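This report covers salt bridges, one surface patch and one annotated region. The structure is shown first.

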Amino acid sequence: MKVFKNFSDYLSQKPLALSLGMFDGVHLGHKSIIDELTKIGSKKNLDTAILTFWPHPRFVFNPQEDLKLLNTLDEKKVLIEKYGIANLFLKEFDDEFRNLTGEEFVRQILVEKLNVKYLIVGYDHVFGKNKSGNFELLQKLSKELDFEVEQMEAINIHENNISSTKVRTALLNGNILDANEMLGYSYSVSGTVAHGKKLGRTIGYPTANIEPESIKLLPKKGAYIVEVFIKNHQYKGMLSVGTNPTVNGEKLTVEVYILDFNDDIYDENITVKFRDFLHEEIKFEGIEKLVERLDEDRRLTEEFEF
């Protein structure tokens with residue numbers, strides 16, 4: 001997959017089948033669009049492309065908002081490439097771009113610069129200054145500018161439309177199974193293993209402290225069953241998102257105890273995939289009660305079928 005940060009860097013003359021949007025999470029709704037893109041590309045001999053924005057436009061419009069995303073940029077690239085897209089445009093949402101009307105965007109960017117011949121949009125997609133672009137505008141312009149446009153219907157699970165917002169809500173409620181079902185894969189967090197207080201090793205449960213990117217959404221505070229990936233090896237793990245209230249901790253941490261593992265992995269980058277929710281964050285009466293709960297969590301993790 002080729003990645004472009006500037007439209008001027010795209011020099012191919014081959015016309016495109018393209019979709020645009022944030023694609024945060026690259027969930028099953030997004031995958032349905034990508035699948036349709038690849039099908040159309042093959043049928044009509046068009047290259048496929050996704051046009052998305054980085055950073056998220058909400059960082060521009062609401063810089064004080066503490067927005068967390070389902071994907072880091074690297075994760076988004078991997079998922080979009082995995083699903084077979086040939087070109088990815090990462091457009092900075094700068095002042096010049098944000099002031100384009102919907103019609104100007106279609107004419108100047110999609111048609112003149114990118115030679116889009118087939119455009120696919122989601123069921124609720126709007127674009128351009130003051131949300132002036134929508135499916136009706138695209139239908140009107142498509143006849144004049146010689147491109148085809150298709151609007152995809154929402155993908156439903158249990159009679160609910162899938163959206164990035166609903167995935168975020170599920171994760172923040174600890175509903176890992178629901179989130180993973182909407183995503184079509186297990187939600188993951190990656191980060192460098194950093195030195196912590198090393199309290200876990202004193203009670204037989206040494207943990208790796210993970211430092212994810214600051215924009216990455218963390219699920220609800222609590223304990224989780226996870227898969228841990230280190231240097232292409234996979235392990236079972238039990239992960240805590242929280243402040244360690246039993247020992248009066250204050251800083252939010254992500255710590256994972258890796259079953260049947262005792263290597264030194266400080267400064268290594270590891271990935272955890274969330275598989276199920278164990279329980280809420282608990283402040284135990286003492287270390288003994290904490291260890292009893294950890295023993296039970298380990299039993300549940302060992303029995304979990306990955």
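Lys-231 and Glu-268 form a salt bridge in this predicted model, with 3.2 Å between the closest N and O atoms. The two residues belong to distant parts of the chain, 37 residues apart. Lys-231 sits in the loop between strand E11 (222–230) and strand E12 (233–242), and Glu-268 in the loop between strand E13 (253–258) and strand E14 (269–280). Lys-231 counts as exposed because its relative accessibility is 59%, over the 50% cut-off. Glu-268, with a relative accessible area of 25%, is partly exposed.

Salt bridges that share partners also join Glu-103, Arg-107 and Glu-144 into one network.

**Salt bridge pairs**

How many salt bridges does the count give? The count comes to 21.

| Lys residue | Partner | N to O distance |
|---|---|---|
| Lys-31 | Asp-35 | 3.0 Å |
| Lys-91 | Asp-94 | 3.4 Å |
| Lys-231 | Glu-268 | 3.2 Å |

Where do Lys-31 and Asp-35 lie relative to each other in helix H1? The two residues are four positions apart in helix H1 (residues 28–44), so about one helical turn separates them. Lys-31 is partly exposed at 25% relative accessibility, and Asp-35 is partly exposed at 34%.

Is Lys-91 buried or exposed? Lys-91 is buried, because its relative accessible area is 13%, and the buried class lies under 20%. Its salt-bridge partner is Asp-94, which is partly exposed at 25% relative accessibility.

**Nonpolar patch**

Which residues make the nonpolar surface patch? Leu-199, Val-247 and Ile-287 form this patch, with an area of about 230 Å². Ile-287 is located in helix H9, which spans residues 287–303. Ile-287 has a relative accessibility of 39% and therefore counts as partly exposed; residues in patches need over 30% relative accessible area and no salt bridge.

**Annotated region**

An unreviewed UniProt entry carries the annotation "domain: Riboflavin kinase" for residues 182–305. Over residues 182–305, the chain is 15% helix and 39% strand.

Note on methods:
Residues are numbered from 1 along each chain as its sequence is written. This is a predicted model: local features need pLDDT of at least 70, side-chain atom pairs count only at pLDDT 80 or more; totals for chains, interfaces and linings use all residues. Side-chain values use heavy atoms; hydrogens and water are left out. Patches are made of residues with over 30% relative accessible area and no salt bridge: like charges are joined within 9 Å, nonpolar side chains (Val, Leu, Ile, Met, Phe, Trp, Tyr) within 5 Å. Accessible areas come from the Shrake-Rupley method with a 1.4 Å probe; for residues, only the protein chains shown count as cover. A salt bridge is a side-chain nitrogen of Lys or Arg within 4 Å of a carboxyl oxygen of Asp or Glu. Buried means under 20% relative accessible area, exposed over 50%, partly exposed in between (1.4 Å probe, protein chains only). UniProt positions are given in the numbering used here, feature names are shortened, and annotations may be inferred rather than shown by experiment.
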